[in-house]
Amino acid sequence: MVARTATLSTDAADAKMDRMEPSPPHPPEADAPGSPLETGSSAGKEQGALFDPPEPTAEEIAAGAAMAWEIAAAEDRVVADVVLNKPLMDAYTYLVPENLRDEIAPGRRVRVPFGRGPRGGRSETGFVVAVRPVEEYANERGSKPERLKTIDRVLDEAPLVDAKMLELSRWIAEYYLCGWGQVLSSVVPAGVKRNAGTRELVFYRPTETGRAALDAGSLTKKQRAAMAAIIDAGEPVRADYVASKADCGVGVVTSLKHKGFAEQVRKRTDVTEFDDVAIEPWEELVATDEQQAALDTILAALRGQEYATFLLHGVTGSGKTEVYIRAIKEVVEYGRQAIVLVPEIALTPQTIRRFRQRFERVAVLHSHLSDAERSKHWRDIAAGRVEVVVGARSAIFAPCQHLGLVIIDEEHESTFKQDSVPRYHAREVAEKRCREAGVPLILGSATPTLESWHAAQEGRYRLLSLLRRVGKLPLPPVVTVDVRNDPQVRKGRAIGRQLSNAVKAAIEDGGQVILFLNLRGFSPAVWCRACGASLMCPDCDVSLTWHRDKGRAVCHSCAHEQTVPRACPGCGAHELKYVGVGTQKLEEEVKQVFPDATIARMDSDSMRKPGSHDEVLTRFRHSEIDILLGTQMIAKGLDFPNVTLVGVVDADTQLHQPDPRAGERTFQLIAQVAGRTGRSSRGGRVYVQSSNPAEPAIRRAAGHDYLGFVADELRDRWDMSYPPYRRLCRVILRGPDEAAVKRRANEMANALSAAAKSRNLPVQILGPAPCAVARLQKNWRFHFQLSAENPADVRSLWRTVEPEFPTGGDVDFVVDMDPLNMR
DNA sequence: AGCACGCCGACT
DNA sequence: GTCGGCGTGCTC
């Protein structure tokens, strides 16, 4: 058995197994693996085409099944509850055959027959969530023990998840309204399931006759040396090890085996090898008073082993990471582990290096790892060989056995919500996990979500503030530029006069510049001057973006690409024009205006090949690049002291999204981008171009006034009955027939509405209405929302009504609890 | 999610 | 007369 067994098997699972011991003596004729009975039956199967016995009748099958469970009961056998990777709310119960009794355990996966049809349905993979006596199932109300099917096979040598993770995943399934098995399947990385990075290898150990033969001196010279090497090793060893140790060929080991002097052992072994990167040493810093105060509060909770969520509100450059690291140091001293979640996009080599410099054993979990790497890190974590786990959203499921602390950095980032099933938010899952483990959770952000801020106001979270930057550096002044009357912008330029002058001055002064624009491509629309229509994607309700490098118009919502027709497909006029500015056009404009500057563009189009991201940032760090322009990618986490100017080319793109959180996102974005400058004594400035400079989100961001912004925004949220004052659950319907989708949306909304009324549940139904993107990848989309103060009411309403909704057909639906994406 | 079951239209 | 459409409802 591999080491993982010991560390991953859980108290509850052990207790369960204990309860089932001692097992009754096995009758000798019970079919153990490899027994003649089994080989006989499989041989029979292979020849079955010629001598098939007559098919048993339904009665015979039923009688056999009834007998199976009666025998099972008489023999004090067990059943296993199994959950499958399907949107099913219930676990399904299976008989555990005698020969699998010792292997079966909660947290392991099994193959089971599922569904009706010939041969009792298809074979599916599921997770065992419980093992219990068959009588317990038989005594359940409505149980049909005679209809139980039997487990085919146990897949894992050791549980993949422990009892705590089983419970956490069950909670997620319940809260996010999806199947337990769906959660478990996505919690365990694919590489871990396939044991990627490990091999079943053959090892040799001495037998008693082998030892005797060595003592008796009845071996040849080479055999004697090999035998001695095997015995001296003190543990099973590989043949090539023996060969090099005894200076012989591996054939000698084989002959020892044939003679019965050594025997083979098969062991699953780690075969991954990673280079250790050299890490430069770290100079300890002196904590600021603010950092120390925040830290003291966190340490008190750590020492008291109590759950608490801390909202660490720290302006950019205030040294939140230093607080995290010192808190983790304390946790590591107790021999416990910490999980640090960062947005995927911030999971750069620089971020990882920062933790590797300060901790001995850091595991990293993110989407760019190979299966073998991820599986290796997962096994290291489970075995307790890791102090700190740094990872993206799903790292919240890291199998730490002695969790001491969880940190979520940039808590406001929407990437912490998964946008496929299970649609969980890592913050909510972390809260649950920490509460159960009795450990603190730290949420860090310069611009906390309104949900978190509100929780802090209510006292559910404890607020810690870092309002000053380290080194007494001021926050950079932010200039809002009204571009409505700018002569250059009116000519179709992206960069107005003021920003352009500022860029010029910054470069002449030897500084570097970051220009941010959240639209990739060359022009975001192809527009007909004659009829005013834009070129649309044939499959989506989205206008096509012109990518000049490809010479094609591209849909950013699906894979569609096309050439641009000569004539407008709507009116036939030859008046098509590329309008608006994306990063590609911005790059061209900047090159034209600043011909002597070195320019680099960073967006998902220019960063296709792996490593290019890091390469550009390294060049930028070494001042080989004067102007870095790009999308979201350059807004996060970059910390370059020589950046003296940041320009937000168009603050309005974010603001005009059809989303109730557009204001919040705009504020966050400006604050975040502004944080990229003024990080040294050289100072820095920020220019924000907008056509709505009076918009509160923009005005407050320019004033670095988070408190003012949340006060405004919370008032609006209250007026709109929107989170954080209510919980929402969004139901999205889609299908190829617009009328059918609309009809189904109405039916579902009405059914829920009626049920809420009759059950007296305080849940409102908002909608239905077409989605903001009314058509996506050929499907029409409608949505409606359930809104309640208490999410339990939403859940209970949905759970009672949902089973009545038809599935299949050409309209399907998804449920999104606490939605962030409103498209 | 599949997928087998059942009840209504165009073909030999 | 049947084959096959896809709406409906289970799956231990």
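**DNA contacts and aromatic pairs**

Of the DNA strand C atoms that lie within 4 Å of the protein, 41% are sugar or phosphate atoms, and the rest belong to bases. The model is predicted. Around DNA strand C there are 13 residues. Thr93, Gly115, Arg116, Arg147 and Lys149 come nearest.

Lys149 places a side-chain N or O atom 2.2 Å from a phosphate oxygen of DNA strand C. For Tyr94, the corresponding distance to a phosphate oxygen of DNA strand C is 3.5 Å. Two elements give two or more residues to the surface near DNA strand C, namely strand E2 (92-95) and strand E3 (109-114). E2 gives the most, with 3 residues.

DNA strand B has its own set of residues. Lys86, Pro87, Arg116, Gly117, Arg122 and Thr807 are around DNA strand B. Of the atoms of DNA strand B within 4 Å of the protein, 53% belong to sugar and phosphate. The surface near DNA strand B divides into 1 nonpolar, 2 polar and 3 charged residues. An N or O atom in the side chain of Arg122 is 2.3 Å from a phosphate oxygen of DNA strand B. Arg116 is listed around DNA strand B and is also among the residues that come nearest to DNA strand C.

Aromatic rings were examined next. The whole structure contains 13 aromatic pairs. One of them joins Phe620 and Phe640, with ring centres 5.1 Å apart and planes at 85°, so the pair is edge-to-face. Phe620 lies in helix H23 (residues 612-621). Phe640 lies in the loop between strand E24 (627-630) and strand E25 (643-648). The two are 20 residues apart, and the pair links distant parts of the chain. Both Phe620 and Phe640 are buried.

Trp798 and Phe813 also form an edge-to-face pair, 5.9 Å from centre to centre with 80° between the planes. Trp798 is in helix H29 (residues 791-801) and Phe813 in strand E30 (residues 812-817), so the pair ties together parts 15 residues apart in sequence. Both Trp798 and Phe813 are buried. Elsewhere, ring pairs link Trp453, Phe667, Tyr706 and Phe709 into a cluster.

Charged side chains also meet a ring. The charged end of Arg238 sits over the ring of Phe203, 5.7 Å from its centre. Lys267 lies over the face of Phe203, 4.7 Å from the ring centre.

Key
Residues numbered from 1 in each chain as written. Chains lettered and ligands numbered in written order. Predicted model: local features only at pLDDT ≥ 70, side-chain atom pairs only at ≥ 80, totals over all residues. Heavy atoms only, no water. Near = heavy atom within 4 Å. Polar contact = N/O pair within 3.5 Å; in protein donor to acceptor, adjacent residues only side chain to side chain. Helix = DSSP H or I, 4+ residues; strand = E, 2+ residues; numbered from the N terminus. Nonpolar A, V, L, I, M, F, W, Y, C, P; charged D, E, K, R; others polar. Phe/Tyr/Trp six-rings, centres within 6.5 Å; stacked < 30°, edge-to-face > 60°. Buried < 20%, exposed > 50% of the residue type's maximum accessible area, 1.4 Å probe, protein only. Lys NZ or Arg CZ within 6 Å of the ring centre and 35° of its normal.
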